[in-house]
Amino acid sequence: SDPATRLKISPLAMSETQPLKRAGGAHREHHFTDSALVRDIVLGLSDGLTVPFALAAGLSGAFSSSKPVVLAVLAELAAGAVSMGLGGYMSGKTEVDHYATERAREAWEIRNIPDAEVQEIHDILRPYGLVDTQIAPLIAHFRQNQDKWIDFMMRFELGLEEPDPAAPLRSALAVGASYVAGGLLPVMPYFVVEKSAEALRWSVAVTVVALFGFGVAKGAIMGQAKWKSGAETMAVGIVAAAAAYGMAVMFRSWGVGM
């Protein structure tokens, strides 16, 4: 395959690089860390703030009482948290299994067709300006340390970083808990306000502020334009809620609801 393709390092590997400090403390590099955990939290909060908000708005257009809205949103929160948690777990588990499979294949190739693997090392390093005499000591080192050889090929040939075996469970918990945390905000007014129409007004006020604040925080963490991120996140939630509410009002006009 193309040597340039082999040199692509996964975004996760790059984003999780730890701060580096040169001798004497003259230079310090800061890189964003824990991107996988932040990604899971952002995913959970984003959906948690949007989906239950849209559902509550839609039900407010169909029911005059807050009680069915609360029951439906709580049921959706439970189902959504489990569904998203399982999705996060399966995604992380697939990554762990894929890495293990590729590592076993790479180990077999190094044991059984080492010459082909040596040629791949040359193909990887030559674009950096290294010649065969400079590459030879590295190959000799790898022949004596096959685990390091496998590590090198996994990263620079396949662009894969070893995932944390505990990551799938951590991802499931982060996504599920974030979904519930985000989803409780839109429904809180319905616990204390009996009429759904009035509760909706409070829900809109609370959720719009929360969506904007979440968007700003996400933009700051990810190094994006904070106010733009806040506005975009808020707009998505408003559009989803408005669409759900409009559909509910239409169905109610046809005699559906109470």
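**View 1. Phe142, Trp149, Phe152 and Phe156 form one aromatic cluster.** The model is predicted: local features need pLDDT of at least 70, side-chain atom pairs count only at pLDDT 80 or more, and totals for chains, interfaces and linings use all residues. Residues are numbered from 1 along each chain as its sequence is written, and side-chain values use heavy atoms, with hydrogens and water left out. Rings of Phe, Tyr and Trp (its six-membered ring) pair if their centres lie within 6.5 Å; planes under 30 degrees apart are stacked, over 60 edge-to-face, and the rest tilted. Phe142 sits in helix H6 (residues 132-144) and Phe152 in helix H7 (residues 146-156), ten residues apart, and the pair links distant parts of the chain. Helices are DSSP runs (H or I, at least four residues) and strands likewise (E, at least two), numbered from the N terminus. Why does Phe142 count as buried? Its relative accessibility is 5%. Phe152 is buried as well, with a relative accessible area of 13%. Buried means under 20% relative accessible area, exposed over 50%, and partly exposed in between (1.4 Å probe, protein chains only).

**View 2. Phe212 and Trp227 form a stacked aromatic pair.** Their centres are 5.9 Å apart, with 20° between the planes. Phe212 lies in helix H9 and Trp227 in helix H10 (residues 226-253), so the pair ties together parts 15 residues apart in sequence. Phe212 is partly exposed, with a relative accessible area of 27%. Trp227 counts as exposed, because its relative accessibility is 58%.

**View 3. The largest nonpolar core has 18 residues.** A nonpolar core is a set of buried Ala, Val, Leu, Ile, Met, Phe, Trp, Tyr and Cys residues joined through side-chain atoms within 4.5 Å. Ala56, Val69, Val73, Tyr179, Val187 and Tyr190 have the most contacts inside this core. Helix H3 (35-62), H4, H8 and H9 are the elements that give two or more residues to it. Which of them gives the most? H4 does, with six residues. Val69 touches Ala56, Leu59, Ser60, Tyr190 and Ser196, not counting residues up to four places away in sequence. Contact means heavy atoms within 4.5 Å. Apart from this core lies another, of 15 residues, among them Val118, Leu125, Ile135 and Met153.

**View 4. Two serines, Ser203 and Ser178, are buried.** Ser203 is placed in helix H9 (residues 196-222). At 0% relative accessibility, Ser203 counts as buried. Its contacts are Phe53, Pro186, Pro189 and Tyr190, leaving out residues up to four places away in sequence. Ser178 lies in helix H8. Its relative accessible area is 9%, so Ser178 is buried. What does Ser178 touch, not counting residues up to four places away in sequence? Ser178 touches Ile41, Gly44 and Leu45.

**View 5. Ser83 and Ala172 are 9.4 Å apart in space, C-alpha to C-alpha.** In sequence, 89 residues separate Ser83 from Ala172. Ser83 is found in helix H4 (residues 67-112). Ser83 counts as partly exposed, because its relative accessibility is 47%.

**View 6. A nonpolar patch lies on the surface.** Its members are Leu74, Val180, Leu184, Met188, Phe191 and Val192, with about 510 Å² of accessible area together. Patches are made of residues with over 30% relative accessible area and no salt bridge; like charges are joined within 9 Å, nonpolar side chains (Val, Leu, Ile, Met, Phe, Trp, Tyr) within 5 Å. A salt bridge is a side-chain nitrogen of Lys or Arg within 4 Å of a carboxyl oxygen of Asp or Glu. Accessible areas come from the Shrake-Rupley method with a 1.4 Å probe; for residues, only the protein chains shown count as cover. Helix H8 (residues 167-192) gives the most to the patch, with five residues. Met188 is in helix H8. At 44% relative accessibility, Met188 counts as partly exposed.

**View 7. The chain has ten helices and two strands.** From the N terminus on, its elements run α-α-β-β-α-α-α-α-α-α-α-α. Buried residues make up 36% of the 258 residues. Among contacts between residues at least 6 apart in sequence, 69% join residues at least 24 apart. The chain exposes about 14,500 Å², and carbon and sulfur atoms supply 65% of it.
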